[in-house]
Amino acid sequence: MSDPILAVNNIEVIYDHVILVLKGVSLTVPKGGIVAILGANGAGKTTTLKAISNLLHAERGEVTKGDILFKGEAVQDRSPNELVRRGCIQVMEGRHCFGHLTVEENLLTGAFTRTDGRAAIRADLEKVYGFFPRLKVRRQSQAGYTSGGEQQMVAIGRALMSRPDMILLDEPSMGLAPQIVEEIFEIVRRLNASEGVSFLLAEQNTNVALRYATYGYILESGRVVLDGDAKALRENEDVKEFYLGVA
Ligand code: ATP
């Protein structure tokens, strides 16, 4: 494998000084990969993403062991904003749009770290509308009144406005109808193929995640219990029985 864009090496995460939640998690994302972190509710998927983007402090969590390298550089001590400037951004679970702002205003907030001027930002806004034509139609609507699928698109579109090399995507399928879930994952695939954005996504929906990801890690109680190419995982008997419900 060429140099990975992200390498997480044996990290431990503790909440409130005592609750050990990640017990030595390691994973890598190759440049241009789509990697899925899978597992049941509470397995530690969100904690893993927040550890990478340094968002644990707000929840009294900390990485107490291991290291995290983004583009070969240790990033544990970088603020979330610095990480965004370096090209890694997280789209939070639950989407977190600014409900009182319009769709377009939400998208523009994603350009907050940029210093390359209005014309470039405008051009990227048009690019985002190219990926999400629905958002162009809805651009003057208050984001809080758009559908769940549209809000997920706003959240991804806003992340794109920072010109990321990598997006950490937390439960993109949550609460969405199957058809909308496919639409969102198709866009992930297109962004990956045409823009070269790497993705690390956390998903409880193993079925859809393993159809779009190239590689997967299965977490149970804060540990990776299985990892492999998406195709191999789809054919693994344990995965079929416990995560795909098809055994
Ligand atoms: P979900 O699908 O529910 O988001 P998850 O796999 O993403 O599940 P996490 O949210 O990372 O799991 O949670 C992992 C474990 O850490 C759970 O047992 C959860 O109760 C615990 N946890 C999460 N946040 C905190 C916190 N702020 N303080 C204490 N424990 C926490």
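## Helix α10

Helices (H or I, at least four residues) and strands (E, at least two) are DSSP runs, numbered from the N terminus. This is a predicted model: local features need pLDDT of at least 70, side-chain atom pairs count only at pLDDT 80 or more, and totals for chains, interfaces and linings use all residues. Residues are numbered from 1 along each chain as its sequence is written, and side-chain values use heavy atoms, with hydrogens and water left out.

Helix α10 covers residues 237-244. At its start, a side-chain oxygen of N236 comes within 2.8 Å of the backbone nitrogen of D238. This is a polar contact (a pair of N or O atoms within 3.5 Å; within protein, one able to donate a hydrogen and the other to accept it, with residues adjacent in sequence counted only if both atoms are side-chain atoms).

## Around the ligand

The ligand is surrounded by 15 residues, each with a heavy atom within 4 Å of it. The closest are N41, G42, G44, T46 and T47. Helix α1 (45-52) and strand β2 (19-30) each supply at least two residues of this shell. α1 gives the most, with 3 residues. By class, the shell has 5 nonpolar, 6 polar and 4 charged residues. Here Ala, Val, Leu, Ile, Met, Phe, Trp, Tyr, Cys and Pro count as nonpolar, Asp, Glu, Lys and Arg as charged, and the others, Gly among them, as polar.

A polar backbone atom of E59 is 3.4 Å from a nitrogen atom of the ligand. A backbone N or O atom of A43 lies 3.0 Å from a ligand oxygen. Q204 uses its side chain: one of its polar atoms there lies 3.0 Å from an oxygen atom of the ligand. On its own, the ligand has 630 Å² of accessible area (Shrake-Rupley method, 1.4 Å probe). The protein covers 67% of that.

## Helices α4 and α7

Helix α4 spans residues 118-131, and helix α7 spans 178-195. Their axes come within 11 Å and cross at roughly 130°. The axes are lines fitted to C-alpha atoms over the stretch in contact, with angles from 0 to 180 degrees between N-to-C directions. α4 and α7 are therefore oblique to each other. Angles under 35 degrees count as roughly parallel, over 145 as roughly antiparallel, 65 to 115 as roughly perpendicular and the rest as oblique.

From α4, the contact (heavy atoms within 4.5 Å) takes K127, G130 and F131. From α7 come I187, R190, L191, S194 and E195. This contact has 3 nonpolar, 2 polar and 3 charged residues.
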